[in-house]
Amino acid sequence: MLKVPLKKLRENAHIPTRGSSAAAGYDLYACLDEPVVIEPHTTVKIGTGITAALPDGYFAACFARSGLASRQGLRPANCVGVVDSDYRGEYIVALYNDSDESRTVADGDRIAQLVVMPYLAVDFETVDTLSDTERGAGGFGSTGI
């Protein structure tokens, strides 16, 4: 198992947890002094009170929690947040309220899930032509509904 150094920036911060031993995502928890209200169709940045030192070649993707999104309409504003391995600031989730009702986030609420993944670093090379494929330049529904 990959060891990731994690630092609590505030006393009331929660260490990310998994719902089961096979879960890919680790729940991120709100770290707040007082509850925060997110008005309909607005975004509020919610701190987690933690930071981590991801290994080179890895990043963390911050996804919506399915229950929070489907039941309360709260999701990361950027849909998927990316935390690079050289970032050492607090992990913050910008939560967007898709619902028509105010939603309240309290200290210790699970607000998103974090998945640590490897990535490939690439060098882009400018060329005059690309290889042909059956699909070609077809996009946005070109392969079916």
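A quick term before the clicking starts: buried means under 20% relative accessible area, exposed over 50%, and partly exposed in between (1.4 Å probe, protein chains only). This is a predicted model, where local features need pLDDT of at least 70, side-chain atom pairs count only at pLDDT 80 or more, and totals for chains, interfaces and linings use all residues. Residues are numbered from 1 along each chain as its sequence is written, and side-chain values use heavy atoms, with hydrogens and water left out.

**Stop one: Asp27**

Select Asp27, which is buried because its relative accessible area is 8%. (A salt bridge here is a side-chain nitrogen of Lys or Arg within 4 Å of a carboxyl oxygen of Asp or Glu.) The pair ties together distant parts of the chain, with Arg110 in strand 11 and Asp27 in strand 2, 83 residues apart. Strands are DSSP runs (E, at least two residues), numbered from the N terminus. Arg110 counts as partly exposed, because its relative accessibility is 39%.

**Stop two: Asp33 and Arg10**

Which residue forms a salt bridge with Asp33? Pick Arg10: the closest N and O atoms are 2.3 Å apart. Asp33 is in the loop between strand 2 (26-29) and strand 3 (36-38), and Arg10 is in the loop between strand 1 (6-8) and strand 2, 23 residues apart. Asp33 counts as exposed, at 69% relative accessibility, while Arg10 is partly exposed at 28%.

**Stop three: the largest pocket**

Select Leu2, Val4, Leu6, Tyr26 and Val116, which lie nearest the centre of the largest pocket, out of 13 lining residues. A pocket, on a 1 Å grid over the protein atoms alone, is an open set of points where a 1.4 Å probe fits, with protein on both sides within 12 Å along at least five of seven lines; lining residues have an atom within 4 Å of a point. The lining has 12 nonpolar, no polar and one charged residues. Nonpolar covers Ala, Val, Leu, Ile, Met, Phe, Trp, Tyr, Cys and Pro; charged covers Asp, Glu, Lys and Arg; the others, Gly among them, are polar. Keep Val116 selected: this residue sits in strand 11 (residues 110-118) and is partly exposed at 33% relative accessibility.

**Last stop: the second largest pocket**

Finish with Asn78, Gly81, Ile92, Val93 and Ala94, nearest the centre of the second largest pocket. Strand 8 (81-83) and strand 9 (92-97) each give two or more residues to its lining. That lining divides into 10 nonpolar, two polar and one charged.

Methods. Helices (H or I, at least four residues) and strands (E, at least two) are DSSP runs, numbered from the N terminus.
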